[in-house]
Amino acid sequence: MIGERRIVLEPREVPLGGVRGMNVLRVLPHRNLPTIGAWCFLDRFGPADTRMRVEPHPHIGLQTVTWPLVGEIRHRDSLGSDVDLRRGQLNLMTAGNGISHSEYSIGDEPIPLDALQLWVVLPDGARRGPGGFERHTDLPQVALQAAEGTVATATVVLGEFAGVTSPATVHTPIVGAEIVVPAGTGIRLPLRPEWEHALLLVEGDAIVATHDLARNDMLYLGDSRDAVEVSSVQGALLFLIGGEPFADEIVMWWNFAGRDHDEIVEARTEWEAASDRFGVVEGHDVRIPAPPLPDVRLMPRGRRI
Ligand code: MN
C-alpha cells in the first residue's frame, strides 16, 4: 500500500514543437511520479486561440484519451478513422503494437481551443496487440449528493467510478472522470481504497482534502481513502484520475511507452523507415520525424512519492 498522500503536482510549460510553436501544460509524467494507476501522461492545451496542426506521428504501448473542453478537433489515424470531436465526447485511441494519427483544429483559422490529453500505459497482454479507435458520445453520469449546496455531477470517461462503468475499452483497473461541482457545494467524492487517485483543477476554485487547489494543479491523494472532501465557492470543473498502481516499470520516450531502451530504439527506427508497423494517415504529405535519441540508455523513471 502507498497510504494517504496530499502532494501538489504543478504543471510545467512544454513547447510541442512544430511551426506554430504551441505550448502545453504538462502535469504527468512528474519527475517523482511516472504513473498514477496506469495514467502516464496528462497535458492541457489551451485555453488559447490556436490553429492546431499536429501532423502524423506514431504511438506504441499506450492509449490516448482526448477530452475536449472548448472547440473542435479533427482526428485522423492509420486505421482510417476521420472524426470531429467536441466537448463531452471521448476519443480513445489504442496504439497496441503501433499506430499513427494526426490532430487538427477545425478550419484554417485559429479557433478557441482547450482540451485535456491523457495517455494510459498498456499492460503486457495488450501492448503488443492490435490498434483501435473508439469515440464515445454518450458517457454515463453519476449524481453526487451534496452535504451542502446542490448536486454535483461526475461523467465517467474511462473505467469505473462509484459503481458506474464507462463503455470505453480499458485494460487495467482504472478511473478517469470529469467532476462538476456547482457554486457553494461540498461533496464527498467516493474513492476505492485499493486504488491511488489524483484530482486536477481545470476551472474554478476547489478545496480538496482541505487543500486550496490552484487552477491546473493536481493533488495526488495516494491510496487508502474511501472518499475525499471537495468543495467550491464559485463552482469547479475537476478531472479525477486513478486506478490500481501500475506494476511494471515503464520507459517513455517521445510518443512511445515500452519496457526498455531497445524497444524504444526499434520503434523509432521503424517510424523513421516508414515501416508498415505504423500504417499511413491518409490526406497528409508531411509526418513528424522522430527526435534524436539521447546519448545515454533510456531507463525507467522510478516512483519517489
Ligand atoms: Mn498523439
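Arg-303 and Glu-196 form a salt bridge in which the closest N and O atoms are 2.9 Å apart; a salt bridge is defined here as a side-chain nitrogen of Lys or Arg within 4 Å of a carboxyl oxygen of Asp or Glu. Because Arg-303 lies in the segment after helix 2 (261-272) and Glu-196 in strand 19 (residues 196-204), the pair ties together parts that are 107 residues apart in sequence. Helices (H or I, at least four residues) and strands (E, at least two) are DSSP runs, numbered from the N terminus. Arg-303 counts as partly exposed, at 32% relative accessibility, whereas Glu-196 is buried, with a relative accessible area of 0%. Buried means under 20% relative accessible area, exposed over 50%, and partly exposed in between (1.4 Å probe, protein chains only).

The model is predicted: local features need pLDDT of at least 70, side-chain atom pairs count only at pLDDT 80 or more, and totals for chains, interfaces and linings use all residues. Residues are numbered from 1 along each chain as its sequence is written, and side-chain values use heavy atoms, with hydrogens and water left out.

The structure holds 20 salt bridges. Side chains of opposite charge can pair when their charged atoms come close. Glu-229 is partly exposed, with a relative accessible area of 45%. A further salt bridge joins Glu-194 to Arg-192, with 3.1 Å between the closest N and O atoms. Glu-194 is partly exposed at a relative accessible area of 39%, and Arg-192 also counts as partly exposed, at 32% relative accessibility.

Arg-192 is also one of the residues in contact (heavy atoms within 4.5 Å) with Arg-225, when neighbours of Arg-225 within four places in sequence are left aside. Arg-225 sits in the loop between strand 22 (218-222) and strand 23 (227-232). With a relative accessible area of 11%, Arg-225 is buried. A polar atom of the Arg-225 side chain lies 3.0 Å from the backbone oxygen of Leu-221.

The protein chain is divided into domain 1 (11-138 + 248-278) and domain 2 (141-243), with bounds that come from an automatic or database domain assignment. The centres of the two domains, taken over C-alpha atoms, are separated by 23 Å. Contacts between the domains involve 29 residues of domain 1 and 29 residues of domain 2. Domain 1 and domain 2 bury about 2300 Å² between them, 72% of it on carbon and sulfur atoms; buried area is the accessible area (1.4 Å probe) that two parts lose on being put together, summed over both.

Between domain 1 and domain 2 the count is 2 salt bridges. The side chains of Arg-44 and Glu-203 meet in a salt bridge at 2.5 Å, N to O. Arg-44 and Glu-203 also belong to a network of salt bridges that includes Asp-114 and Arg-215.

Conventions. A polar contact is a pair of N or O atoms within 3.5 Å; within protein, one must be able to donate a hydrogen and the other to accept it, and residues adjacent in sequence count only if both atoms are side-chain atoms.
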